[in-house]
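Hello,

Here is the structure I promised to pass on to you. Have a look at it first, and then read on for what turned up in it.

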Amino acid sequence: MKSLWSDAEAERYVAQYGPRFGEDLALRTYTSRLLGAEDRLVLHGGGNTSVKGHHTNVLGQSLPALFVKASGHDIATIRPEGHSGVNLEYLKTLRALPDLSDQAMADEFRTHLFDPRAATPSIETLAHAFLPAKFIDHTHADAILALTNLADGEKRAREALGEEVIVLGYVRPGFRLAKAAAEAFEAHPGKRGMVWARHGLVTWGANPREAYEATIEFVTRAESYLAKHASKPLIVTRPTSPGDAQRRLGQIAPLVRGLLAQPTGDADRPYRRVILHALTSQEVLDFLGSERGKEIALSPPLCSDHLIRTKAWPLWIATPDYGDLEKLKGQISQAIQEYSTEYQAYVGRHAARMPSGLAPFDSLPRVVLMPGLGALCGGKDARAARIARDITAHTLAVKAQIAPLGAYQGLSEEDLFDMEYHTLQHAKLRADELPLSSEVAIVTGAAGAIGSAISQELLEQGCHVAVTDLPGDALTSLDEELRTHFGERVLSVPLDVTQADSVSSAFETISRTWGGVDLVVINAGAAMVSSLEEMSLEGFQRLERINTEGTLLMLREAARHFRMQGTGGDIVLVSTKNVFAPGAKFGAYSATKVAAHQLARIASQEFAEMGVRVNMVSPDAVFSHGSRKSGLWAEVGPDRMRARGLDEKGLEEYYRQRNLLKATVTARHVAKAVLFFATRQTPTTGATLPVDGGLPDATPR
Ligand code: ZN
């Protein structure tokens with residue numbers, strides 16, 4: 001591992017943050033980010049850093065301060081404010097206590113912050129306070145975890161890192177670890193760093209570069225040691241190629257996702273679903289297909305910091321039968337049940353130590369390991385699933401690496417439980433949940449006016465949205481626009497609704513990305529202006545393919561998908577007021593949309609037994625959403641303007657005046673109607689919700 005320190009970058013940080021926060025905190029920000037950028041040192045918000053300095057209060061008094069990473073901040077992206085200032089003199093006096101609970105410790109931190117609005121300092125704050133160095137860096141480096149999870153790990157760590165490093169056995173993070181670290185430091189003067197077995201590395205220095213480069217140096221020593229001693233790879237007995245794994249994944253992910261959904265007891269929202277991210281790299285497949293894969297995978301985790309994301313152990317599916325999906329479902333279902341029973345027993349064994357205010361997690365696994373397919377990692381949203389996936393990737397790689405070195409000896413069950421149910425760890429998980437947080441939607445025709453508004457609305461409600469349309473600039477620009485705001489919850493998938501292969505492959509792509517689909521919004525459509533007398537058959541057939549066959553293909557694929565997933569689902573068809581009140585010269589559109597509408601009504605009858613609701617929204621005259629014009633507008637707008645002798649504004653006004661409420665109907669209104677069904681406010685299926693300002697002749701009947 002190389003030091004990435006750059007004098008020029010350091011100066012840039014000082015120039016940017018120095019005037020407001022001081023040089024120390026500016027540089028603290030710089031090297032924290034350097035550490036955070038290396039995933040072999042820390043993963044997703046792990047690790048913490050500090051600097052000691054002073055705080056000037058309102059009386060002008062200068063008080064010793066510890067600026068330490070606060071929870072909720074990730075050192076990879078931290079800003080100076082991400083290090084909360086705490087009264088250092090006071091923190092040091094806490095060392096006299098015989099013990100201090102996590103909650104009491106957090107309370108002491110909060111009541112001794114210099115800024116009452118600052119975030120709660122890290123669980124490891126007291127270690128930073130009790131160790132005297134000015135700059136302290138703490139990471140959960142893979143190579144340190146690799147060495148110290150071996151049965152003779154402490155000896156190995158000494159061998160690998162040399163005399164300049166103190167090696168401390170595992171101590172539960174919090175007050176006790178801080179005290180033990182301070183005592184070890186005082187007992188071994190003149191050292192440059194400290195290993196915390198099965199936890200990580202601490203280094204220090206008088207300046208940020210010294211502390212940072214000590215981390216790099218010691219981790220490099222550990223990596224070199226491992227490279228020298230652990231070169232024998234695992235023996236693969238069941239090889240799989242990533243291509244085969246990906247192919248299986250697209251079909252099987254919904255099945256696993258369905259089985260991992262948690263029943264809620266609420267008839268309208270019967271499942272709490274998960275988002276699944278998969279690992280199908282050759283490295284992971286080799287691990288899972290190796291002789292010792294199961295034994296190694298089921299050993300305790302490398303680092304207790306990971307437990308709230310992955311639980312203490314993964315679920316292993318012994319010999320998945322990919323040739324028989326019914327049998328496979330039975331295998332996974334039974335394995336999950338056994339896992340749940342075991343998990344409940346584990347929680348039961350330690351229930352007496354459950355901190356007040358915490359309740360047990362659900363008993364389902366977070367990580368499912370399937371030889372021949374890969375690792376499926378679950379979380380409440382894409383971010384949580386990605387964290388579980390990255391931790392799993394590192395865990396499997398490190399465990400594979402040290403397997404030839406000797407016996408693995410991870411944390412005890414007590415220690416695992418204490419960190420899985422740790423008050424301050426749970427604080428990291430609390431976040432406001434939006435109504436569609438763990439759900440996945442596919443929207444067809446997403447690049448148009450109504451489709452883009454629906455996609456945006458669903459994303460704002462926490463949903464993961466696959467925006468689909470014909471490939472091209474409109475889809476690309478929508479993808480870019482939505483990603484800016486909603487990041488990894490956006491997936492763009494090119495889709496031609498008239499092609500069955502294209503439709504099924506879109507569902508597979510989404511399943512490979514997030515595990516499955518819960519909401520299908522059938523919105524793609526096309527319009528044509530022509531009298532019957534002059535209508536071309538080809539034109540009619542084109543609309544028939546898009547509006548009718550496209551709807552049929554989406555309904556068919558949705559049904560197959562929902563049956564496989566087994567947790568119900570929702571379908572919303574964007575219909576039209578023309579179904580009820582057709583207009584002259586609009587026969588092709590009205591007739592093909594009527595057929596689509598009727599198919600959706602049939603679907604509501606056929607799919608109800610699967611817990612799938614099918615509803616329609618019928619808008620009138622929505623021609624744009626922001627800069628996006630609808631296809632309907634392109635076709636109808638110019639003709640209607642010509643026919644009525646109106647300009648664009650005039651035509652909008654014409655449509656407004658023809659409804660009872662004199663309302664301008666927007667794409668956003670249609671999106672809200674879709675949301676009504678997607679959030680299942682009422683037990684309704686087969687219904688049509690008009691979004692038209694009130695048109696008596698178009699009232700559904
Ligand atoms: Zn730590």
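Let me start with a rule you will need: a charge sits over a ring if NZ of Lys or CZ of Arg is within 6 Å of the ring centre and within 35 degrees of the ring normal. Arginine 95 lies over the face of phenylalanine 130 in this way, at 6.0 Å from the ring centre. A second case is lysine 311, whose charged end sits over the ring of tyrosine 343, 3.9 Å from its centre. Please keep in mind throughout that this is a predicted model.

Now to the sheet. Seven strands form an open sheet with mixed pairing, in the order β3-β2-β1-β4-β7-β6-β5. Strands β3 (83–87) and β5 (165–168) stand at the edges with a single partner strand each, so one side of each has no neighbour in the sheet. From one strand to the next, the twist averages 25 degrees.

Within this sheet, β1 (residues 48–56) and β2 (residues 62–69) pair in the antiparallel sense over seven bridges. If you want a spot to look at there, histidine 54 stands opposite proline 64 in β2. Helix α2 (residues 23–36) lies across β1, β2, β3 and β4 (135–139), and runs at about 170 degrees to β1.

Are histidine 138 and histidine 140 buried or exposed? Both of them are buried.

A pair of aromatic rings is described by the distance of the centres and the angle of the planes. The count comes to 16 aromatic pairs. One of them joins tyrosine 13 and tyrosine 17 and is tilted, with 6.1 Å centre to centre and 45 degrees between the planes. These two tyrosines are four residues apart in helix α1 (residues 7–21), which means about one helical turn separates them. Tyrosine 13 has 6% relative accessibility and therefore counts as buried; tyrosine 17, at 7%, counts as buried too.

Another pair is edge-to-face: phenylalanine 185 and tryptophan 204, at 5.2 Å centre to centre and with 75 degrees between the planes. Phenylalanine 185 belongs to helix α8 (residues 175–187) and tryptophan 204 to strand β7 (residues 200–205), so this pair ties together parts that are 19 residues apart in sequence. Tryptophan 204 is buried, its relative accessible area being 9%.

Ring pairs also link Trp313, Tyr339, Tyr343, Tyr346, Phe361, Phe417 and Tyr421 into a cluster.

Last, please turn to strand β18 (residues 569–574). How many of its six residues are buried? The number is six of six. In a regular strand the side chains alternate between the two faces of the sheet. In β18, Gly569, Ile571 and Leu573 are on one side, with Asp570, Val572 and Val574 on the other, and both faces are covered. Strand β17 (residues 519–522) runs parallel to β18 and is joined to it by four bridges. Leucine 519 has aspartate 570 as its bridge partner in β18.

Enjoy exploring it!

Best wishes

Terms used:
Residues are numbered from 1 along each chain as its sequence is written. This is a predicted model: local features need pLDDT of at least 70, side-chain atom pairs count only at pLDDT 80 or more; totals for chains, interfaces and linings use all residues. Side-chain values use heavy atoms; hydrogens and water are left out. Two strands pair if DSSP finds at least two bridges between them. Axes are lines fitted to C-alpha atoms, for helices over the stretch in contact, and angles run from 0 to 180 degrees between N-to-C directions. Contact means heavy atoms within 4.5 Å. Buried means under 20% relative accessible area, exposed over 50%, partly exposed in between (1.4 Å probe, protein chains only). Rings of Phe, Tyr and Trp (its six-membered ring) pair if their centres lie within 6.5 Å; planes under 30 degrees apart count as stacked, over 60 as edge-to-face and the rest as tilted.
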